[in-house]
Structures are given as C-alpha cells and as structure tokens.
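Welcome! Take a moment to look over the sequence and the model, and then we can walk through them together.

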Amino acid sequence: MKLNMSFEERAKLSQIILAKQPLVTLKEARQQAEWLKFNCSKKKLKRIHDLT
C-alpha cells in the first residue's frame with residue numbers, strides 16, 4: 001500500500017473497493033444498527049463495572 005497517495009488516487013481506489021462490496025438493504029442496515037447499539041452498550045456497562 002502506498003502511503004503517499006494523492007486525493008484522486010485514494011478516491012478511485014475507494015470507488016473500486018466499494019463497488020466490490022455486496023449491496024445492503026435498508027432492513028439489513030437497521031438490523032446491523034440495532035445489533036451495534038445493543039452490543040456496544042453492554043460493553044460500556046461492563047467496562048464501568050470493571051473499573052469500580
């Protein structure tokens with residue numbers, strides 16, 4: 001990976017990478033958001049209990 005990429009090169013590479021990813025439906029995106037919301041809140045609570 002090149003560390004000194006121009007903005008244009010980085011933008012083109014990002015487009016190629018995004019084009020290869022499978023499409024996500026709105027339903028799947030909502031499920032992912034709910035999963036993250038649920039799991040992240042549990043981890044935060046656990047960290048708080050571990051510190052006290």
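How much accessible surface does the protein have, and what share of it belongs to carbon and sulfur atoms? The accessible surface is about 5,700 Å², and 63% of that belongs to carbon and sulfur atoms; such areas come from the Shrake-Rupley method with a 1.4 Å probe, and for residues only the protein chains shown count as cover.

This is a predicted model, in which local features need pLDDT of at least 70 and side-chain atom pairs count only at pLDDT 80 or more, while totals for chains, interfaces and linings use all residues. Residues are numbered from 1 along each chain as its sequence is written, and side-chain values use heavy atoms, leaving out hydrogens and water.

Now for the fold: the protein has two helices and zero strands (DSSP runs numbered from the N terminus, H or I of at least four residues for helices, E of at least two for strands). Of its 52 residues, 4% are buried (under 20% relative accessible area; exposed is over 50% and partly exposed in between, with a 1.4 Å probe and protein chains only).

Within H1 sits Arg-10, which is partly exposed because its relative accessible area is 44%. Arg-10 touches Leu-3 and Met-5, not counting residues up to four places away in sequence (contact means heavy atoms within 4.5 Å).
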